[in-house]
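Reader: I would like a close look at one part of this model, the protein surface that faces the DNA. Please keep it brisk.

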Protein chains: 2
Amino acid sequence: MGVTKTDYFTGNQNQIAMMAKALGHPARIAIIEHLLKVNACICGDIVSELPLAQPTVSQHLKELKNAGLIKGSIEGNTICYCIDERAFKILKNYFTKIITKLAKQNCC
Amino acid sequence: MGVTKTDYFTGNQNQIAMMAKALGHPARIAIIEHLLKVNACICGDIVSELPLAQPTVSQHLKELKNAGLIKGSIEGNTICYCIDERAFKILKNYFTKIITKLAKQNCC
DNA sequence: ATTATTTATCGTAATATTGCTATATTAAAA
DNA sequence: TTTTAATATAGCAATATTACGATAAATAAT
């Protein structure tokens, strides 16, 4: 059907899945890495960094924003994008916890 | 088009995106968490844990396996699934690195 | 040998995603 | 005010995903 049964899972599971899904495209990973590289909020030059048309990039930015991974603030004519640290902290903690739990396991 | 231009991005970007994509569904997060909870390889009871039909679960398991997130070994009649630690270490390191970089930034 | 159990695969319907062109919107610049 | 620049949105085609019922495949149990 193509429709996900989100109501069958916990809020936490849905949140992690939503953020992971948003990162589940190389263009969006590239956007995040570019935002990290320039080490600041950047206004506009994301399109010229990617081998994709402007509307496509705009769409990817929208998805990252919807998932809470980036923030965008209007700055006159342009929009200033930067990473939303909170989301990445949640992800980092999630995977750190998994590794910690795995260390205590003794199978496989 | 629905087709991702993976050749435009680096191998690392594609790898992270591929793993994130596989985790981008609450059912697959639930599978991972169940594998963690039972603290061992488990043979078969994943289907009864999820509110989804057996072929659907089988499909999700396949995707997790293709992304390298879980391993499955045949054990007679059943199949024994467990988490592949390597993938999760890559993810943990990736997000840890992002948080480290963010700590050095002073914007937003 | 037959039956039951476990998992995978096929086929299919509904929906979502990706990417583009064309166009709208909005603010800055001339 | 007209033009330029930066983003967003609409609409569309191609493809992917999600989910299921039906069925296959393979081993275990009887």
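Reader: Take DNA strand C to begin with. Which polar side-chain atom of chain A lies 3.2 Å from a phosphate oxygen of DNA strand C? Please go on from there to the rest of the surface near the DNA, and then to the contact between the two protein chains.

Author: It belongs to H25(A): a polar atom of that side chain lies 3.2 Å from a phosphate oxygen of DNA strand C. Keep in mind that this is a predicted model.

An N or O atom in the side chain of E63(A) is 3.2 Å from a phosphate oxygen of DNA strand C. Chain B takes part too. There the polar atom belongs to the protein backbone: one such atom of I79(B) is 3.2 Å from a phosphate oxygen of DNA strand C.

Now the elements. Helix 4 of chain A gives two or more residues to the surface near DNA strand C, and so do helix 4 and strand 3 (78–83) of chain B. Helix 4 of chain A gives the most, with five residues.

By class, 10 of the residues are nonpolar, 14 are polar and five are charged.

Turn to DNA strand D. It has 29 residues around it, and M1(A), G2(A), K5(A), M1(B) and H60(B) come nearest. Of its atoms within 4 Å of the protein, 56% belong to sugar or phosphate, and the rest belong to bases. The residues near DNA strand D divide into 10 nonpolar, 14 polar and five charged.

- H60(B): an N or O atom in its side chain is 2.7 Å from a phosphate oxygen.
- Q59(B): a polar side-chain atom lies 3.3 Å from a base nitrogen.
- I79(A): a polar backbone atom is 3.4 Å from a phosphate oxygen.

Helix 4 (54–66) and strand 3 of chain A, together with helix 4 (54–66) of chain B, each supply at least two residues of the surface near DNA strand D. Helix 4 of chain B gives the most, with five residues.

Strand 2 (residues 70–75) and strand 3 of chain A run antiparallel, joined by six bridges. The two strands form a hairpin with two residues between them. In the turn, G76(A) has a positive phi of about 65 degrees.

In all, 47 residues of chain A are in contact with 48 residues of chain B. The two chains bury about 4,100 Å² between them, and 75% of that is on carbon and sulfur atoms. Salt bridges between chain A and chain B number zero. Six residue pairs are in polar contact, both residues at pLDDT 80 or more. On chain A, helix 1 (11–22), helix 2 (26–37), strand 3 (78–83) and helix 5 (85–103) give two or more residues to the side that touches chain B. Helix 5 of chain A has the largest share, 12 residues. By class, that side of chain A has 29 nonpolar, nine polar and nine charged residues.

Technical notes
Residues numbered from 1 in each chain as written. Chains lettered and ligands numbered in written order. Predicted model: local features only at pLDDT ≥ 70, side-chain atom pairs only at ≥ 80, totals over all residues. Heavy atoms only, no water. Contact = heavy atoms within 4.5 Å. Buried area = accessible area lost by both parts, 1.4 Å probe. Salt bridge = Lys/Arg side-chain N within 4 Å of Asp/Glu carboxyl O. Polar contact = N/O pair within 3.5 Å; in protein donor to acceptor, adjacent residues only side chain to side chain. Helix = DSSP H or I, 4+ residues; strand = E, 2+ residues; numbered from the N terminus. Nonpolar A, V, L, I, M, F, W, Y, C, P; charged D, E, K, R; others polar. Near = heavy atom within 4 Å. Pairing = 2+ DSSP bridges.
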